[in-house]
Amino acid sequence: MAFQTEFTVIPLSELKACAQARKAEGSRYVQTLAVNTEAGVDIVYSFMLGDRMSNYKLVAVKESDVVPSITDEFLAAFIWENEIHDLFGITFEGISIDFGGKFYNVAVDKPMTVISPAQLAAREKAAKLAAAKAAKEKAGAPAASVDAELEAKLAGMDPEKAAKVRAAMEAKAKKEAARAAEQKGGE
Amino acid sequence: MSGFKLGGMTIGSVFKKPETLLYPFEQKQAPAGLRGHVIVDLSMCVFCGICQKRCPADAIAVDKAAGTWAIDDFACVQCACCVKECPKNCLLMEPSPSAVGTSKAPRVFVVGSMR
Amino acid sequence: MGKATVIPFGPQHPVLPEPLHLDLVVQDEKVIEAIPQIGFVHRGLEKLVETRDYNQFLYVCERICGICAAGHSIGYAETVERLMGVEIPKRAEYLRVIWHELSRVHSHLLWLGLAADAFGFESMFMHAWRLRERVLDLFEKTTGGRVILSVVKVGGVHRDIDANQMSEIIHVLDGIMADYRKIVDTLLTDYSVKNRTVGVGTLSHEEAFALSMVGPFARASNVNNDVRCLGNGAYGDLSDFQPIMDAQGDCYARVKVRCLEVLQSIEIIKELAAKIPAGEISVNVKGAPAEGAEVCNVLEQPRGECYYYARGNGTKNLERMRIRTPTSQNIAGMVAALKGCDLADVNMVVLTIDPCISCTER
């Protein structure tokens, strides 16, 4: 036996049929989880049969969508459906033990969908890096690439440091210009 | 009947060397490599701040300008992450537990004064 | 038939080491329904993955729960290694399994003490915890921590066990085994223990399977979902691994399965200690998980199968880390086992699933 995993994307409408089919083939329910993405919430259901772990993924479920509960097939799912409802704000219909949003006492509504400032900064940084990389590839010419490389590096730094580096670069350029002017004057 | 077996074991332990120590009169020898508390040798430290960045509990504060290295023992989780990451090997984990604190202030090491 | 009354049980209760609340609907001393409620120790650790990079999060993961610390760090490290396609040295795999099985011994001994205390067998509680202390001393010597080991890293382990320490481990385990056999013989043949546990909270094989139970709780109902059988890591090198099963499905079967698993774990450690290959104990892991890459992993912890899921986003921080712990999967089973039992047996049923609420809520 060797552990095998697979991920399959299914539409929301097929979830119920999928759970019934898994139950009929004798799979064991493993878990349900949610991932917050920009397009919506991904929900992953896992079942295990022998050594094969099958993960069925609902992609980008919106808050307005109603997900049918699978607790009538697999009772153990109630804990996760309640959790996802409390932490991600997804509505499940027909949970056998429904806590009605009182499963966890959370201070913030839907805490797992809140994007923290640190996460936002990291995302912006990644986007800038990607943009700079693309710009560098586009520029192609060796003369431009020095600047592009520098820009790419600056984009990766935190803003304070980047500002400092920029100021230093400008000062250096000024100095050089002044020196060049002096030399011209001397001639 | 079976109760007597365990009874035998319990009574037998009266005559054996006790499993426990008479703390605080006797103290257990801490084995080498036990993660007790972090100390720093500032004569080798270059204040690069890697320990501060890698600390999962944000317990370390390094100030290059002031020449101080501070650790908040109340936040430290004794994972020894900083010790493993230090490029100069100037951090060390002492086996003894951190001293009892009287205030919630961090432990500050200053360049030039050894503690 | 009397009228139904609701009796609250927990979150503060002498038999519960952790906060779990049950609303017991009772009719003439019989529990007709139990409604579980958790949510007293939710700390939002999964959210922390956004601000801690994948190396730092290992230490967060380890601190989800004290008893399962070794299991969580190993499971997390394995998951991230899978995500990044890292092969770790064979010796590191062996060392991880040795520490994990030691943690199973200490976890089951802890549970045995608590269970003995719950049925009023206090001298057994003392003996079980006395033996557990020896395992903790082994951890202290080999890893530098008694409970939180902090010895696993992404890409291997931090510390090696040398030959001297290895023979000391075997020596200590032999000592534990001698005393432990006496304790277990007493426990499993004692009539008062049998009176308390035989036929209490019975779950049939079909019920246990339908409720997707995991760990010793499921194995006592003859459902084999021991993921050690999959042979991940060094488990694949065991010459013969047969999970311990029982067909009765009552509290006594669950006590028995856990008791025998300690002996099995000691055998596993001895076998691996004899077979352990020499070599490196870690590899350097560089870079970050690719954007959108996702992976799942399972690990058999002392309380049962634990599921890990990770998704990368191209940076050092993971997009999502998810841990499905064994106790949470067993709560539905516990509710079913409680149905129809006596009010006085509730604590036995709850304890024999070995609940770990800190793990459940993370």
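Author: Let us begin with a definition: two residues are in contact if their C-beta atoms, placed from the backbone, lie within 7 Å. The model under discussion is a predicted one.

Reader: How far apart are the nearest C-alpha atoms of chain A and chain B?

Author: Chain A and chain B do not touch. Two pairs of chains are in contact, and chains A and C share the most contacts. Between chain A and chain B, the nearest C-alpha atoms are separated by 14 Å.

Reader: Which elements give two or more residues to the side of chain C that touches chain A?

Author: This contact draws on 32 residues of chain A and 31 residues of chain C. By class, the residues on the side of chain C are ten nonpolar, 13 polar and eight charged. The elements of chain C that give two or more residues there are strand E6 (294-301), strand E7 (304-312), strand E8 (318-324) and helix H10 (326-338).

Reader: Which element gives the most to the side of chain B that touches chain C?

Author: Here chain B contributes 18 residues and chain C contributes 21 residues. On the side of chain B, two elements give two or more residues, namely helix H1 (2-15) and helix H3 (81-85). By class, that side has nine nonpolar, four polar and five charged residues. With six residues, the element that gives the most is H1(B).

Reader: What is the radius of gyration of chain C?

Author: The secondary structure of chain C consists of twelve helices and eight strands. For its 362 residues the globule rule gives 21 Å, and the chain comes close to that, so it is as compact as a globular protein of that length. The C-alpha trace of chain C spans about 70 × 45 × 35 Å along its principal axes. The radius of gyration of chain C is 21 Å.

Reader: Which residues have the most contacts inside the largest nonpolar core?

Author: The largest nonpolar core has 167 residues. Helix H3 (residues 90-118) of chain C gives the most to this core, with 14 residues. Leu338(C) touches Val349(C), and also Val31(C), Ala34(C), Gly201(C) and Val346(C), when residues up to four places away in sequence are not counted. Those with the most contacts inside the core are Ile43(A), Leu338(C) and Val349(C).

Reader: Which are the edge strands of the open sheet of four strands in chain A?

Author: The order of this sheet is E1-E4-E3-E2 (chain A), and its pairing is mixed. From one strand to the next, the twist averages 20°. An edge strand pairs on one side only, and in chain A these are strand E1 (4-9) and strand E2 (28-36).

Reader: Which residue is the bridge partner of Asn36(A) in E3(A)?

Author: E2(A) and strand E3 (residues 41-49) of chain A run antiparallel and are joined by eight bridges. In E3(A), the bridge partner of Asn36(A) is Val41(A).

Reader: Is Arg28(A) buried or exposed?

Author: Arg28(A) belongs to strand E2 of chain A. Leaving aside neighbours within four places in sequence, Arg28(A) is in contact with Phe47(A), Met48(A), Ser212(C) and Asn225(C). A residue is buried if 20 or more other C-beta atoms lie within 10 Å of its own. Because Arg28(A) has 24 other C-beta atoms within 10 Å, it is buried.

Reader: How many residues of H2(A) are buried?

Author: Helix H2 (residues 78-88) of chain A lies across E2 and E3 of chain A, at about 5° to E2(A). What covers its buried residues includes E2, E3 and strand E6 (91-93) of chain A together with H10 of chain C. H2(A) is largely enclosed by the rest of the structure, because the number of its eleven residues that are buried is eleven.

Conventions. Residues numbered from 1 in each chain as written. Chains lettered and ligands numbered in written order. Predicted model: local features only at pLDDT ≥ 70, side-chain atom pairs only at ≥ 80, totals over all residues. Nonpolar A, V, L, I, M, F, W, Y, C, P; charged D, E, K, R; others polar. Pairing = 2+ DSSP bridges. Axes fitted to C-alpha atoms, helices over the stretch in contact; angles between N-to-C directions. Rg over C-alpha atoms; globule rule 2.2 N^0.38 Å. Buried ≥ 20, exposed ≤ 12 C-beta atoms within 10 Å, placed from the backbone. Core = buried A, V, L, I, M, F, W, Y, C linked by C-beta atoms within 7 Å.
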